[in-house]
Amino acid sequence: MANIDWSKLTFSYTKTNTILRSTFKDGAWTPVESLTDDYISLSTYAGALHYAIECFEGLKAFRGKDGQIRLFRPEENAKRLQRSAKYLGIEAPSTEMFVEMCKQIVKENIDFLPPYEATGASLYLRPTLIGSNPQLGVQSSKESTFLILCSPVGAYVGGALDAVDVVIARNYDRAAPNGSGAFKVGGNYACSLYSLNVAHELGYKAVLYLDPATKKFIDEFNSSNFFAIKGNSYITPKSDSILPSITNMSLETVAAHLGMEVERRPVPVEELSTFEEVGECGTAVVITPVHKLVDKPFLESEEETVYTYGDGQCGPKSLKLYNYIRGIQRGEIEDVFGWNVFVD
Ligand SMILES: Cc1ncc(COP(=O)(O)O)c(C=O)c1O
């Protein structure tokens, strides 16, 4: 096992043993290569470098209580990558190829898979698909290169379940109406960086974007979906410009399973004052509770409306959902939904 202090891991890059690569050219995928160097040779004319012909995924492998290794819902990531690739007009790996490569990268980098005892730590997998043939004109790439990288990670922000302060950016959008918001394409993240940087300078952990068409409804954060708890309801936005989060989908299923009402519907900004718990959700930490949510006429404005949730800790209903998902991932709770894929 690698000599790593698992308790000190953050969401950052650690070089591991290998990365995997396969390239789609001349109508077929090349045999999967396992590379020890994490630098690749790429044409400087690759579409990924000029026109952001790139999409990616993020998922995790966990070592369970029983010593078994589990991937959480990798088929869903495969399907989402296929949707993103279709949007970009490039070839994507089949679900079977995607899942097999996920298993292979975990096996080759088993030294970097955190032990069960390292609560909150896991091996993060980053499947990445890029348009790789040389091209000058704006068009979908004919050749695509599929890579899977991995890195051991801890919690995304300070510690899992530390509540954060976030801000609404009314004068910035991460996605356009009828645009690319529902796809996991790199360009979306590039487009959110300016407002994210401003928010960071102002002391906020993330930006909460509104629906770009009307600015009346809540969309999502830079790299996570929005959810709220009101009474016995789990409420999350229905919008065409947000990424369909696999964590959110799982939380909805678990919430219903635990007897909560699940409401996926447009969430008006005015409703923020009625919520008991608010959070971000995504693969990185499952749930990040929101403590203060600040709304401003524009991000740089001094004028603000502040919504406060809880006392800086994770609310009880969010915590229950978090523990359930983590329990399934870590082999502590029976996986009645059949979400885990085992790596043998
Ligand atoms: C914009 C955005 N929304 C939501 C999510 C959460 O999605 P998931 O739960 O599939 O990780 C992510 C992270 O992948 C994201 O980047």
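# Chatting through a predicted model

User: Where does Ala 52 sit?
Analyst: This is a predicted model, and in it Ala 52 lies in the loop between helix 1 (47–51) and strand 4 (54–56).

User: What's the phi of Ala 52 like?
Analyst: Phi there is near 55 degrees, which is a positive value in a residue other than glycine.

User: OK, Lys 215 next. Which loop is that one in?
Analyst: Lys 215 is in the loop between strand 10 (206–210) and strand 11 (218–221). Phi of Lys 215 is also a positive value, near 60 degrees. Lys 215 has 14 C-beta neighbours inside 10 Å, so it counts as partly exposed.

User: Let's go inside. How many residues are in the largest nonpolar core?
Analyst: That core has 44 residues. Val 166, Val 167, Val 207 and Leu 208 have the most contacts inside it.

User: What is Leu 208 in contact with?
Analyst: Leaving aside neighbours within four places in sequence, Leu 208 is in contact with Val 166, Val 167, Ile 168, Ile 218, Phe 221, Phe 226 and Leu 293. Another core lies apart from that one, with 41 residues, including Cys 55, Leu 88, Leu 123 and Val 185.

User: Which residues make the contact?
Analyst: From helix 2 you get Pro 74, Glu 75, Ala 78, Lys 79 and Leu 81, while helix 3 brings in Thr 95, Phe 98, Val 99 and Cys 102. By class, the contact of helix 2 with helix 3 has six nonpolar, one polar and two charged residues.

User: Cys 102 again! Is it buried or exposed?
Analyst: Cys 102 is buried, because 25 other C-beta atoms lie within 10 Å. Not counting residues up to four places away in sequence, Cys 102 touches Leu 71, Pro 74, Leu 125 and Ile 148.

User: How many residues apart in sequence are Cys 102 and Leu 71?
Analyst: They're 31 residues apart in sequence, and 8.2 Å apart in space, C-alpha to C-alpha.

User: What about helix 5 and helix 6, at what angle do they pack?
Analyst: At about 110 degrees, with the axes of helix 5 (residues 246–257) and helix 6 (residues 316–329) 10 Å apart. Helix 5 and helix 6 are therefore roughly perpendicular to each other. In this contact, helix 5 uses Ser 250, Leu 251, Val 254 and Ala 255, and helix 6 uses Leu 321, Tyr 324 and Ile 325.

User: Last one: where is Ser 192?
Analyst: Ser 192 lies in helix 4 (residues 186–201). It counts as buried because it has 22 C-beta neighbours inside 10 Å.

User: And what does Ser 192 touch?
Analyst: Arg 174, Val 207 and Asn 222, not counting residues up to four places away in sequence. Ser 192 and Cys 314 are 26 Å apart in space, C-alpha to C-alpha, and 122 residues apart in sequence.

How values were computed:
Residues numbered from 1 in each chain as written. Predicted model: local features only at pLDDT ≥ 70, side-chain atom pairs only at ≥ 80, totals over all residues. Helix = DSSP H or I, 4+ residues; strand = E, 2+ residues; numbered from the N terminus. Buried ≥ 20, exposed ≤ 12 C-beta atoms within 10 Å, placed from the backbone. Core = buried A, V, L, I, M, F, W, Y, C linked by C-beta atoms within 7 Å. Contact = placed C-beta atoms within 7 Å. Nonpolar A, V, L, I, M, F, W, Y, C, P; charged D, E, K, R; others polar. Axes fitted to C-alpha atoms, helices over the stretch in contact; angles between N-to-C directions. Parallel < 35°, antiparallel > 145°, perpendicular 65-115°, else oblique.
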